[in-house]
Amino acid sequence: MNGAQALIRTLAGSGVDVCFSNPGTSEMHFVASLDTVPQLRGVLCLFEGVATGAADGYGRMTGRPAATLLHLGPGLANGLANLHNARRAGTPLVNVVGEHATYHKRFDAPLESDIDSLARPVSHWIRRTARAADAAADAAEAVAAALGPPGGVATLVLPADVSWSGDAEPAPPVPPRGPSLVPDAVIGEAASALRDGASVILLGGAALRRPGLEAASRIAAATGARLLGETFPARLERGAGLPGLERLAYLAEFAQAQLAGTRQLILAGARAPVSFFAYPGLPSSLVPAGVQVHTLARPGEDVCGALAALAERVAPQARPRPQPEQRPALPGGGLTAETVAAVIGALLPEGAIVSDEANTSGLSLPAATAGAPPHDWLTLTGGAIGQGLPVATGAAVACPDRSVLALDSDGSAMYTIQALWTQAREGLDVTTVIFSNRRYAILDLELQRVGAVAGGDAARSLLDLSRPDLDFAALARGMGVPAARAASAGEFADALRRALAEPGPHLIEALLSQAG
Ligand SMILES: Cc1ncc(C[n+]2csc(CCOP(=O)(O)OP(=O)(O)O)c2C)c(N)n1
């Protein structure tokens, strides 16, 4: 067996069943081996940012790593932004990067580059396999490193001659480790903090799944503590029957208002809140002065267990407070970000997975969908736009029985629009809604917020997506995805109903009225 075959068998044996790929010459033995290992499904992505984002979406939904297959340094570089988002999400992911044959590197051939330096900032584990005989053990360790906890990106650099050389055997999986338990003393400290009436519990990571939310809701019911969710969760379970959760706002002024009056801040799987950017004259930390911060659980610690133990201590009789079922009425009239949100709230199917990269057009989505049937909400964890469509693609591969909605603003969608082709190729049940405002609208706002002198024509043209107007329906059809354009709330509701009812991918371009 050559190194590539042993590696692929080991990945499959360790629970990796999909590889989002964009291969080149140095990965040909990996590609050839896929036919001998049907348990590992190769999915072709037409840009590496789609492959890495899809692996992120897959890992968020399964808790298991998908693999990527990228072509040397340039292929990795194309995938970096979504590996960055995956890193911020704490997603388990095995990032396989092909490399020149070991003896070829010193010739400085055109694709030669410093792969390790490119990979390091996004990887919490990197290994360069030296010999075919090591490929399988390295693959097993990569899976274990990706799973953590905490989960993360494990990058395995695979030279071509390691792949094609013989004398390798598959390796057994490395036994998984559980999250570290939170010591009793830490739970006791949080319990004392909760005696102060002005407490906020900031929930993040695994605390945003049902068990964590229900324990936190019991604590809030018994102690009067307020619950907030981190601003950009990797995966939030929400909807009717689950405890509702307000998220910390993106804009620092709003976040400060949400935290005003707090004396005790308990971090449950979330980091201490900071402003997304620095603004002249404003603080970077959003923790109000004088607030005592307590860390109940860090990433990689058993945050749900800690919340459950804390609930047993301070709220033994309390019940979680479920969000009542409640949907907005279907609106009529023009198409605005608000009416699109109301239609989505009215029609969101039970068990849907929402990949939210709607940016400024998404402000009404949380309220409009709060009482919809239970669903998962995946957000832009690392601020690097171009994540929404790939994450939706990976989530659909992970959960073929669920409806996936990608809610994407036009500017962000264009970074990784090739994801639509993979959705068509794989027959994935993804409905993409494009919020077409024909602007980088958030940057209009940021231009003022950072105190830059309000732009003239030259500045404005860098934030404007018209001239020419993008035609997303045509782009989608060109990649095999049926598409519609909607210019009124009624047209949008009809198109969304049809898209959700039919299997396979669809795209609806919502032509927002302020786009003119
Ligand atoms: C990879 C990357 N490149 C550039 C940016 C800077 N950026 C932030 S928001 C934005 C425009 C977003 O426009 P759009 O997706 O249409 O959303 P809107 O602001 O109109 O709601 C840009 C370019 C970024 N965050 N990430």
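Student: How do the residues of the shell around the ligand divide into nonpolar, polar and charged?
Tutor: Keep in mind that this is a predicted model. The shell has eight nonpolar, eight polar and two charged residues.

Student: Which of the residues around the ligand come nearest?
Tutor: There are 18 residues around the ligand, and the nearest are Thr360, Ser409, Gly411, Ser412 and Ile442.

Student: What does the Thr360 side chain put by the ligand, and at what distance?
Tutor: A polar atom of the Thr360 side chain is 2.5 Å from a ligand oxygen.

Student: And the backbone? Which atoms of Ile442 lie by a ligand oxygen?
Tutor: A backbone N or O atom of Ile442, at 2.7 Å from an oxygen atom of the ligand. Ala441 also takes part: one of its polar backbone atoms is 2.9 Å from a ligand oxygen.

Student: How much of the ligand's accessible area does the protein cover?
Tutor: The ligand has 590 Å² on its own, and the protein covers 78% of that.

Student: Which helices each supply at least two residues of the shell?
Tutor: Helix 15, residues 410–413, and helix 17, residues 441–449.

Student: How many residues line the second largest pocket, and which lie nearest its centre?
Tutor: The lining counts 44 residues. Phe232, Tyr250, Asn359, Thr360 and Leu363 lie nearest the centre.

Student: What about the lining of the second largest pocket by class?
Tutor: It splits into 23 nonpolar, 13 polar and eight charged residues.

Student: New topic, cavities. How many of 30 Å³ or more?
Tutor: The count is one cavity of 30 Å³ or more. The largest cavity has about 30 Å³ of space.

Student: Which residues line the largest cavity?
Tutor: Ala252, Glu253, Gln256, Leu282 and Pro283. By class, that lining is three nonpolar, one polar and one charged.

Student: Last one. Why roll a probe over the atoms at all?
Tutor: Because a probe the size of a water molecule, rolled over the atoms, shows where empty space is left.

Key. Residues numbered from 1 in each chain as written. Predicted model: local features only at pLDDT ≥ 70, side-chain atom pairs only at ≥ 80, totals over all residues. Heavy atoms only, no water. Near = heavy atom within 4 Å. Polar contact = N/O pair within 3.5 Å; in protein donor to acceptor, adjacent residues only side chain to side chain. Areas by Shrake-Rupley, 256 points an atom, 1.4 Å probe, with all protein chains shown as cover. Helix = DSSP H or I, 4+ residues; strand = E, 2+ residues; numbered from the N terminus. Nonpolar A, V, L, I, M, F, W, Y, C, P; charged D, E, K, R; others polar. 1 Å grid on protein atoms, 1.4 Å probe; cavity = no way out; pocket = protein on both sides within 12 Å on 5 of 7 lines; lining within 4 Å. Points joined across faces, edges and corners; volume = space filled by probe spheres on them.
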